[in-house]
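Have the model open alongside as you read.

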Amino acid sequence: AQSVLILAIETSCDETAVAVVKDGHEVLSSIISSQIEIHRAYGGVVPEVASRKHVEVITLIIEEALSAAGIKPEQLTAVAVTQGPGLVGALLVGVVAAKSLALAWGKPLIGTHHIAGHIYANRLVAELQYPNMTLVVSGGHTELVHMEREGEFRIIGRTRDDAVGEAYDKVARALGFPYPGGPHVDRLAREAAAAVPLPRVWLEHDSYDFSFSGLKSAVLNVVNQSKMKGLTPDVAGIARGFQESVVEVLVEKAVRAVRSCNARQLLLCGGVAANVGLRTALTSRCKAEGIELIIPPPIYCTDNAAMIGAAAYVKWQHDGGTPLDMVADPGFSL
Ligand code: KG4
Ligand code: ZN
């Protein structure tokens, strides 16, 4: 069969990313233009600024991705784009670009779900077996997703308040680190001599849901109490206590979810999948339990367009293209 070449565009948050992916797993190019430096000054992503930055660079990044892949538009099978969820103004830039190109080049359009993208990042590094279970941990999402077969998603657990990455970023801020703080907390946690004890939130005994806002408040309390006593907070110890609490709950619930669905593999994805503490704990627990674990390299864990190309390929195989009158959907459901 002829190979499927997809140009994929991702602009749901603060990364302008474009990739060319062959047959849903071979990355011919993957360009990521990050706006982190710009948003850092504000302590988080400013939607208006994000949209404007996407507009500025999108054309350039598309050209760069095509030329790095050595692909001409006429060789493409389709143009894919993240349709949602995400910031509406940011999504719009990618969607308008993808529609225009699909129309101009006479190619089909594939509207893709951002989380399907994160999940299928695993397809870039391994052959997926079904049924499987994915632990999605990003700045906006914390979910356990069961896939009985390819392209079929069932969310069995989700956060009831903050996403893990969001909790990391808020804790990092309280400890005095710039946005995005996840990597700082991760590093400190591994350097700390001992952990400051912090609670674990399990919710109902059979629940696969998560809650991180209580833990975040507990961290803020410890920091404030130290300050009120005129002491310097044990920043590293707090980071370690926080990370141990988060990791213990994530690992335990993920392993239980794998068992309950007889999943053949556990997939990890999203920006927090870059966390060394989580990767290490999950790897050793899965080894002990005899569970096959797949983790994409960090560059495919944080937002990128190669993952959108992988997810779009699966959608294309099952459902074909998306009508050109589709719209960016910030609440797009999986
Ligand atoms: O998936 P992503 O790039 O964007 C979203 O779709 O949300 O995830 C970004 C999140 C941020 O909250 C960032 O702090 C977190 O991932 N993150 C980490 C680490 N690296 C990135 N959190 C903990 N430890 C890390 N090493
Ligand atoms: Zn993401």
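In this predicted model, the cover over the buried residues of helix 2 includes strand 1 (5-10), strand 2 (15-22), strand 3 (26-34), helix 1 (36-40) and helix 3 (88-105). The buried residues themselves are Ala50, Lys53, His54, Ile58, Ile61, Ile62, Ala65, Leu66 and Ala69.

As for its geometry, helix 2 kinks by about 45°, with the kink centred on valine 57. Even so, the span from its first C-alpha to its last is close to the expected value.

| Feature | Value |
|---|---|
| Helix 2, residues 47-69, C-alpha span | 30 Å |
| Helix 2, kink at valine 57 | about 45° |

Now for the core. The largest nonpolar core has 104 residues, and Ala8, Val18, Ala19, Ala65 and Ala80 touch the most other members. Helix 8 (residues 235-260) gives the largest share, 11 residues. Domain 1 (5-119 + 301-319) and domain 2 (130-295) both contribute, so the core lies between them. Zoom in on alanine 19 and you'll find that its contacts include Ala8, Val27, Ala65 and Gly309.

Which domains make up the protein chain? They're domain 1 (5-119 + 301-319) and domain 2 (130-295), with centres 27 Å apart. Their contact takes 14 residues from domain 1 and 18 residues from domain 2. On the domain 1 side, helix 1, helix 4 (114-120) and helix 11 (306-319) each give two or more residues, and helix 4 has the largest share, four residues. That side divides into six nonpolar, six polar and two charged residues.

Note on methods
Residues numbered from 1 in each chain as written. Chains lettered and ligands numbered in written order. Predicted model: local features only at pLDDT ≥ 70, side-chain atom pairs only at ≥ 80, totals over all residues. Expected span 1.5 Å × (residues − 1). Bend = angle between axes of the 7 residues up to and from the residue. Buried ≥ 20, exposed ≤ 12 C-beta atoms within 10 Å, placed from the backbone. Contact = placed C-beta atoms within 7 Å. Core = buried A, V, L, I, M, F, W, Y, C linked by C-beta atoms within 7 Å. Domains from an automatic or database assignment. Nonpolar A, V, L, I, M, F, W, Y, C, P; charged D, E, K, R; others polar. Lists of a residue's contacts leave out its neighbours within four places in sequence.
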